[in-house]
Amino acid sequence: MASKMSSKTPEKQNGQRGNGAAAPANIPTVVRSKPPKVAVVGAGYWGKNLVRNFHNLGALAAVCDTRPEALKQVSEKYKVHVTASYDEILNDQSIDAVVIALPAVMHYDSAKRAILAGKDVYVEKPLALHVPEARELVNLAREYNRILMV
């Protein structure tokens, strides 16, 4: 005999899940009064879409790319800081998060460096080319209390 389920979904409030259960204690709650400052690394084929979206959200702080023509286009269109130096992005304390839109072979190293620099990270898929590298990134994000998204 099937049990009847209410068609109404419980309201979410005070960190509770839809079923009324509290979120696990080990998941930090992030409360921001303003959007995070994000740097997009890689303004090519897919990166230019991410640049546009983060700009529209009011979160785009900088764009990093090795191609001068890409940096010029981004600078003119979005009026944000541009640089060819990934180290400059990682050393900038005003940048909260890094979005990685580079060739897949560069994802692991770029994400690892960002986590170690204290940045939250969004990586376009794949996270890494090898499972042990992906696991290492997940473990590093936990250890450094950083957000890691794919």
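**Terms and their grounds**

Colleague: Why is lysine 72 called exposed?

Modeller: Lysine 72 counts as exposed because its relative accessibility is 54%, and exposed means over 50% relative accessible area, buried under 20%, and partly exposed in between (1.4 Å probe, protein chains only). The model is predicted, so local features need pLDDT of at least 70 and side-chain atom pairs count only at pLDDT 80 or more, while totals for chains, interfaces and linings use all residues. Residues are numbered from 1 along each chain as its sequence is written, and side-chain values use heavy atoms, with hydrogens and water left out.

Colleague: What makes the pair of glutamate 76 and lysine 72 a salt bridge?

Modeller: The closest N and O atoms of glutamate 76 and lysine 72 are 3.7 Å apart. A salt bridge is a side-chain nitrogen of Lys or Arg within 4 Å of a carboxyl oxygen of Asp or Glu, so the pair with 3.7 Å qualifies. Both residues lie in helix H2 (residues 68-78), four residues apart, about one turn of the helix. Glutamate 76 is partly exposed, at 47%.

Colleague: How many salt bridges does a search of the whole structure find?

Modeller: The search finds five. One of them joins aspartate 87 and arginine 113, with the closest N and O atoms 2.2 Å apart. This pair links distant parts of the chain, aspartate 87 being in helix H3 and arginine 113 in helix H4, 26 residues apart. Aspartate 87 counts as partly exposed at 41%, and arginine 113 likewise counts as partly exposed, at 31%.

Colleague: Why is aspartate 120 called buried?

Modeller: Aspartate 120 has 10% relative accessibility and therefore counts as buried. Its side chain meets that of arginine 146 in a salt bridge (3.2 Å, N to O). Aspartate 120 is in strand S5 and arginine 146 in the loop between H5 and strand S6 (148-149), so this pair too links distant parts of the chain, 26 residues apart. Arginine 146 is partly exposed, at 27%.

Colleague: How do you know what counts as a helix or a strand?

Modeller: Helices (H or I, at least four residues) and strands (E, at least two) are DSSP runs, numbered from the N terminus. The chain has five helices and six strands, in the pattern β-α-β-α-β-α-β-α-β-α-β along the sequence.

Colleague: Which residues touch the most other members of the largest nonpolar core?

Modeller: They are Tyr86, Ile89, Val98, Ile100 and Val121, in a core of 22 residues. A nonpolar core is a set of buried Ala, Val, Leu, Ile, Met, Phe, Trp, Tyr and Cys residues joined through side-chain atoms within 4.5 Å. Elements giving two or more residues to this core include helix H3 (86-91), strand S4 (97-100) and helix H4 (107-116). A second, separate core of 15 residues includes Val74, Val80, Val99 and Ala101.

Colleague: What makes Val105, Met106 and Leu129 a nonpolar surface patch?

Modeller: Patches are made of residues with over 30% relative accessible area and no salt bridge; like charges are joined within 9 Å, and nonpolar side chains (Val, Leu, Ile, Met, Phe, Trp, Tyr) within 5 Å. Leucine 129, at 48%, counts as partly exposed, and 48% therefore passes the 30% limit. Leucine 129 lies in the loop between strand S5 (120-123) and helix H5 (131-143). The patch made by Val105, Met106 and Leu129 covers about 300 Å², where accessible areas come from the Shrake-Rupley method with a 1.4 Å probe and, for residues, only the protein chains shown count as cover.
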